[in-house]
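Please open the model in your viewer and keep the selection panel at hand. The stops below go from one selection to the next.

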Amino acid sequence: MSPTITTSSEANGNVSAATARAAAKAAVVAEQAGPQTITLAKALNSAMADAMHTDPSVLVFGEDVGMLGGVFRITDGLTKTFGKDRCFDTPLAESGIVGMAVGMAMNGMRPVIEMQFDAFAYPAFEQIVSHVAKMHNRTKGAVKLPMVIRVPYAGGIGGVEHHCDSSEAYYAHTAGLKVFTPATVADGYRMLREAIDSDDPVMFMEPKKLYWSKDQVDLDALRAEHAENTARGTSSEGRAAVARPGTDATLIAYGPSVPTALAAAAAAAEEGRSLEVIDVRSIVPFDDETVCASVRKTGRAVVIAEAHGFASVSSEIVARVQERCFHHLAAPIRRVTGFDVPYPAPKLEHYYLPGVDRILDAVDDLQWED
Amino acid sequence: MTISAEAPEDAASEAVRKFGITVEDYMLPARHQIQMVGPDGTLNPHTEQGTQPGHEYALPGDEELLAAYEQLVVGRRVNDQNSALVRQGRMAVYPSSHGQEACQVAAALCLSDGDWMFPTYRDSVAVMARGVDPVQTMTLFRGDWHGGYDPTKHKVGIQCTPLTTQLLHGVGVAHAAKLRGEDTVVLAMCGDGATSEGDFHEALNFAAVFHLPVVFLVQNNQYAISVPLAHQSVAPSLAHKAVGYGMAGERVDGNDIVALLAVLGRAVRLAREGSGPLLVEAHTYRMQAHTNADDATRYRQDSEVAQWVAKDPLSRMETYLTDRGLLDDERAAGIAEKAEAVATQLREGLSEEVPVEPQDLFKYVFSTPTPQLKEQSALLADELSREEAAK
């Protein structure tokens, strides 16, 4: 019997603020105290390492996630720290990875698995849609699947074909999957811990162009926040955030589009227009309350997303806001999204991606003269 | 038990040392399918029962055979009762395993309580033989819900419709158990058509690479709805596919429960002892149409079906046990009574109109309903209360 591996239920019974604090204390990589500049990649890595310390049923596996540490190095050092039973490479087969994770989650584990790239996850689509999303439902809650499927997604890295898809709508459209996407370094840590803690399966969409974005973050403070949330049974799960307050119009964005929206808001401020930026964070469940409160306040909205606009998450957001805020709107809601074309080659992607100018043009169109 | 996510350097080497044969002879199925009792109910000569080195099988004990026979009779009664209930409109659909009962029963009997079974939609008899309540098993086909039993109670995966996807779940259950040092064995079931699916390949390969205690049972019933095996595979046999994954394969007469108990029993024992996964192909026949919605006369001849009637798994076992003096009229009557009791349970349980609860739609999507689901739940509740008020 391996002393380091127990069932999730055993582990869960013991999770308390005290054990969480102990885990935080024993954090894998000794960091200096206080705020420091780290990348989103590092924040995600720390979240997995801390979860693995806290709960022996947390396992990490996928393609090249072992000694290499993943093609984006998000799992760097986990095999070395936790051993080959806790973080390991699988054969190169995505349906196999997801299907095996389903069985492991049925049998007491909390798998955190990596799909190497967005478009490489499609072989696993049947497992995700037909089983990951439905097992809880089919068994009336007798079988829960506490698993996280990490997907590096979206563009902006000059990737060759099949490396830059915005695939979030496929998952968001499927009942039974939670879909999270962090846009900040701190949220990378916070939201991945919450995803691993979730008893429901989570599609964790990581904006790959933000992996190397940096921010001043106090990991110890985030650990303490997580421990406190665990003890109190509270969290930020399913909540959108006001990324920048404003009064004249609302920019609604998620994942890779949040920094673009913030840049647009900064540029608009120079022209004397105050734009509020909402970071959706959780696509499923969707935080209607925060999004609609902002739009009711400003009366104008632009939804920004890298994905194709047609039948997309952005169309869903427009529909929801329109249904709930119609009488507060001074202008039709605009969208700035990727065009309805296959994700373009590296030399063409800047024409495709929503940029500051295109966002500001949309803002200009919000019937200010009325 | 060694705990490692990595396969040993040579998965078959230990078995090869044990049996004193080559890796190929260990992994390739025996030259003939293993059969112990022939279609006429007589025991094959010992030398024909499966005696090739590395493929040696012991005749199961009398008590085991009698218990298996009882389950065969119950299984046949269950199949025929369920088909009748479909005709009476009590169930939406029933994929019958009539003719495959020996595979169904052996699949359940070869496992211990701590083991897991991962069945397909056609394996209801195996699910019941494992101990799951018959009426709960049929809930899926009655249309009340997409599943009627708690898989954790009897360690039986929910009956799976997307072909071979459940094999990977079995692989994951075995992997988790192995990491915890438990001696769980998983029996993962699929049909001949399913071996064409990608997940069949991925499941066998993952099980072999991680050296997991999984026994894959392929019930080769000759047809994938209307398409015969020749259109699925031109491999020498489906059991031969094992060697490509570095695991041992065996083929067995799927209508001979004596041979099935011997072959599956040994496979489960070897898996538990750390041999890694094994693949067993059972040759059987789907005596009836794919489901009540299918018309088998469009793609196969009555003469072909007649040949398989002569190989029926029940009649040969009845003859064998009677000739051995193990089965007399009194015992046969007792078994028939038990089978009738299960049939009655099905008739009564499935005739009862159980009201469905509309709010269940929203209850089991997530552990806690999202705000959106709460809104939709309120919408439906309001709609229903207005309907009620208008009555």
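How many residues does the contact take from chain B and from chain A? The contact takes 39 residues from chain B and 41 from chain A, where two residues are in contact if their C-beta atoms, placed from the backbone, lie within 7 Å.

Before going on, note that this is a predicted model, in which local features need pLDDT of at least 70 and side-chain atom pairs count only at pLDDT 80 or more, while totals for chains, interfaces and linings use all residues. Residues are numbered from 1 along each chain as its sequence is written, and chains are lettered from A and ligands numbered from 1 in the order in which they are written.

**The side of chain B that touches chain A**

Select helix 7 (151-154), helix 8 (165-179), helix 9 (198-209) and helix 15 (371-390) of chain B, each of which supplies at least two residues of the side that touches chain A; helices (H or I, at least four residues) and strands (E, at least two) are DSSP runs, numbered from the N terminus. The largest share of this side, eleven residues, comes from helix 8 of chain B.

**The nonpolar core**

Next, select Val215(B) and Leu264(B), which touch the most other members of the largest nonpolar core, a set of 212 residues. Such a core consists of buried Ala, Val, Leu, Ile, Met, Phe, Trp, Tyr and Cys residues joined through C-beta atoms within 7 Å, and a residue is buried if 20 or more other C-beta atoms lie within 10 Å of its own, exposed if 12 or fewer, and partly exposed in between, with C-beta atoms placed from the backbone. Helix 10 (residues 257-272) of chain B gives the most to this core, with eleven residues. Around Leu264(B), leaving out residues up to four places away in sequence, look for Ala106(B), Ala107(B), Cys110(B), Val215(B), Leu217(B) and Val280(B), which Leu264(B) touches.

**Ser124(B)**

Now move to Ser124(B), which lies in helix 5 (residues 124-129) of chain B. Ser124(B) is buried because 26 other C-beta atoms lie within 10 Å. Apart from neighbours within four places in sequence, Ser124(B) is in contact with Thr137(B), Met138(B) and Gln159(B). The C-alpha atoms of Ser124(B) and Gln104(B) are separated by 8.2 Å, although these residues are 20 apart along the chain.

**Chain A as a whole**

Finally, select chain A, which has 15 helices and 14 strands. Buried residues make up 56% of its 370 residues, and its C-alpha atoms fill a box of roughly 75 × 40 × 40 Å, taken along the principal axes.
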